[in-house]
Amino acid sequence: MKYLDEYRDESLAKSILAEIRRLVTRPWVLMEVCGGQTHSIVKYGIDRLLPDEIELVHGPGCPVCVTALEMIDKAHAIARQPDVIFCSFGDMLRVPGSDGDLLTLKSRGADIRVLYSPIDCLKIARANPDKKVVFFAIGFETTAPANAMSVFQAHKQGLMNYSILVSHVLVPPAMAAILQSPQNRVQGFLGPGHVCAVMGYEEYEPIAAQFHVPIVITGFEPLDLLQGTLMALRQLEAGRAEVENQYPRVVRREGNRSAQQLVSEVFEVCDRKWRGVGSIPNSGYRLRREFREHDAERIFAVRQIDTRESDICISGEILRGIRKPHDCPAFGTLCTPDHPLGATMVSAEGACAAYFAYGRHLAAERIAAQAREEAVLS
Amino acid sequence: MNISLHPEPQTLSRTNGTTDSAPNFSGPVCPLPVHERPEIVLGHGSGGKLTHQLITGVFLPHFSNDLLDPLHDGAVLPIHGARVAFSTDSFVVNPIFFPGGDIGSLAVHGTVNDLAMCGAKPQYLSVAMILEEGLPMGDLLRIVKSMKRAADEAGVLLVTGDTKVVDRGKGDQIFITTTGVGLIPEGVSIHPKHARVGDKIIVSGEIATHGIAIMSVRDGLEFETEILSDSAALNGLVGVILRACPQVHVLRDPTRGGLTSALNEIAEQAGVGIVLDEARIPISEQVKGACEILGLDPLYVANEGKLLAVVPAESADCVLEAMRRDPLGRDAAIIGEVVAKHPGLVTMLTRVGGVRMVDMLSGEQLPRIC
């Protein structure tokens, strides 16, 4: 398939891998920022194709995973109300709050709908004037323009029964927080391709300079990830620390200016609590005052929610690249995608869930080696 | 794998010390698990792990007997020296008319195929309908005609039936249950347990078209496409396979849960490993594109007119050639083989030369955010 098969080509992958092996002289730790990248890396077994010197650790860039538990409980409290149609991206449905998940609420009669775009909510709001339609607006900068557009349009059209529950998070402050931590191991980043399609990558340049780390804005296909790794490695081996763009077919330095303008008209930057991490200053969006009639937190005035946490899970350290899923005693046993204990297991793009889905809970190194030997199909 | 209908109340562990004041990466910070589900959720019908848990945790402990326990697509009944395959299936598809078929033809194909996967020649079907008050008579007629046509094409007779009507809002237009019987010819012995190390795995054509065709017309997810459901009766193709290789070890139609569920069940029941080659799995460009856009993995998407055949290596080419001469097997391909290592697991050689495990679906496959 055009624009896909080219980026999954085995012979090209082999030649990039050979170049990586030729260049590498010492161990390096790279972090891929996005959950989508983590998913792709584990799905295609890319980390296992790399030489031992290069360790990929998995970043905090799965928006579903890092949505604070309090926010999920708020969402559930709103979705339970009888006059509410609660709309969400699909992968939020299985995320457990303090008491069950949205799928369970749905089975108990709540009107919960899976959408691909918040813009579809406007149609639902128009068709159901006696209901309150709420969209769970989570995500990084990538989903912000569509979420902003839904509020902007609802406001313009006077659809007062539409609101969003905002839990937006921003990538650069999280990267800075990771680098500031005394336990930091990350020496270079594969930057978030789709976030930068919207925001551009100017704002990453001060981070690369301040912390002296290479940041390579990278795509999501196997060859993107291998090439991004190669570009970061070249910088590390040469002692450079710059922002480079591996993903020029989608990303420009200045990003998408009209999307940025819309986002800044509707949202303003605020502090945000990240699940598994804690509060990071200036790391989120909230609705501007002009749009407060569409702010679900204000409309529903959900009281302060007390959340309770497991004491086994190490997702905080996984999200920061300090440890990996199989370092956790609960991984694959007490904690599975059916019964997630923490942030990184709740969404398909969380590092633990990706490891689990692709079999790494089953002494997978051994399995993979054996499977490779036997995969010579006639 | 047991599921409990009366789970113990959750034990609360200590409240985590995370505060809003500063980023904290070192502390344990995660939520409580949701233990066993106290009520049925849609995922219990997905054909993946939750369905499996329902069967092994709730149904089997109560219904267990020698004929049920093999958990094949149908039961094989010894009646007066003959072997009769017996199978039942309910259909609740939404929307009831979709590109490439409707709930009526699907209900006939589904049970015909379940019988065919036992190696049987399907003969007689029963039809039970639950109709919702308000269903347009024209829609019902269209469905009935479609069932008749599907039955004629598959060479089966609809010989008995039942009708119930429920209040508006208590059903979703129409639900259909079909049950069928068929005779298994002498010498044919097909069962997931029969997969042997060295066997080749053949799929009869491009996968995932049914699930994607349904999704393309479902509320809230509509998108323009020419993808048609592959819904079809496979008993003719099974006949072709059995003529080419009467010793075929396993036949499965990978419906709900897709290729992955069917292959994992075979690996588990036969106690063997399975290795797939991603590059050999036939998927149409359109389905591949739709899956990329929707964030779905085609290996988990439902098929209604495809089968998996596990055949001895020496017969694989002969079976493949015969299948490709049949219109329903035109795009058949050998996609993997049965191995001794990692029993119970399915792995896949990826396009870029990596290896990964292909696990059964956990719950519903949900569209991803990015």
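Reply: What follows takes chain B, then chain A.

This is a predicted model, so to speak of local features pLDDT must be at least 70, and side-chain atom pairs count only at pLDDT 80 or more, while totals for chains, interfaces and linings use all residues. Residues are numbered from 1 along each chain as its sequence is written, and chains are lettered from A and ligands numbered from 1 in the order in which they are written.

Start with the domains of chain B. Domain 1 covers 70–183 and domain 2 covers 192–357. These bounds come from an automatic or database domain assignment. The centres of the two domains of chain B, taken over C-alpha atoms, are 23 Å apart. Their contact draws on 21 residues of domain 1 of chain B and 23 residues of domain 2 of chain B. Contact here requires C-beta atoms, placed from the backbone, within 7 Å of each other.

On the domain 1 side of chain B, helix H2 (103–116), strand E6 (121–132) and helix H3 (137–154) each give two or more residues. H2(B) gives the most, with 7 residues. Elements are DSSP runs numbered from the N terminus: helices are H or I with at least four residues, strands are E with at least two. By class, that side of domain 1 of chain B has 11 nonpolar, 8 polar and 2 charged residues. Nonpolar covers Ala, Val, Leu, Ile, Met, Phe, Trp, Tyr, Cys and Pro; charged covers Asp, Glu, Lys and Arg; the others, Gly among them, are polar.

Next, the sheet. Chain B has an open sheet of 7 strands, ordered E10-E12-E9-E13-E11-E14-E15, with mixed pairing. Pairing requires at least two DSSP bridges between two strands. Strand E10 (250–252) and strand E15 (355–357) of chain B are at the edges with a single partner strand each, so one side of each has no neighbour in the sheet. On average, neighbouring strands of this sheet are turned by 25° against each other, direction ignored. Inside it, strand E9 (200–203) and strand E12 (308–311) of chain B pair in the antiparallel sense over 4 bridges. There, B:Ile201 has B:Val310 of E12(B) as its bridge partner.

Helices come next. Helix H6 (258–270) of chain B lies across E10, strand E11 (273–277), E12 and strand E14 (346–349) of chain B. H6(B) runs at about 150° to E11(B). Axes are lines fitted to C-alpha atoms, for helices over the stretch in contact, and angles run from 0 to 180 degrees between N-to-C directions.

Two other helices of chain B also meet. The axes of helix H5 (235–244) and helix H8 (313–325) of chain B come within 9 Å and cross at roughly 145°. The crossing of H5(B) and H8(B) is right-handed. Right-handed means the near helix is turned clockwise from the far one by less than a right angle; left-handed means anticlockwise. H5(B) contributes B:Leu237, B:Val240, B:Ile241 and B:Ala244 to the contact, and H8(B) contributes B:Cys318, B:Val319, B:Ala322 and B:Met323. By class these residues are 8 nonpolar, no polar and no charged.

Now chain A. Its domain 1 covers 1–314 and its domain 2 covers 315–369. Their C-alpha centres lie 19 Å apart. The contact takes 33 residues from domain 1 of chain A and 31 residues from domain 2 of chain A.

Chain A also has a helix pair. The axes of helix H8 (144–157) and helix H13 (257–266) of chain A come within 9 Å and cross at roughly 55°. H8(A) and H13(A) are therefore oblique to each other. Under 35 degrees counts as roughly parallel, over 145 as roughly antiparallel, 65 to 115 as roughly perpendicular, and the rest as oblique. The crossing of H8(A) and H13(A) is left-handed. In H8(A), A:Ala144, A:Pro145, A:Ala148, A:Met149, A:Val151 and A:Phe152 meet A:Ala259, A:Leu262, A:Val263 and A:Val266 of H13(A). This contact has 10 nonpolar residues, no polar and no charged.

Note on methods: Contact = placed C-beta atoms within 7 Å.
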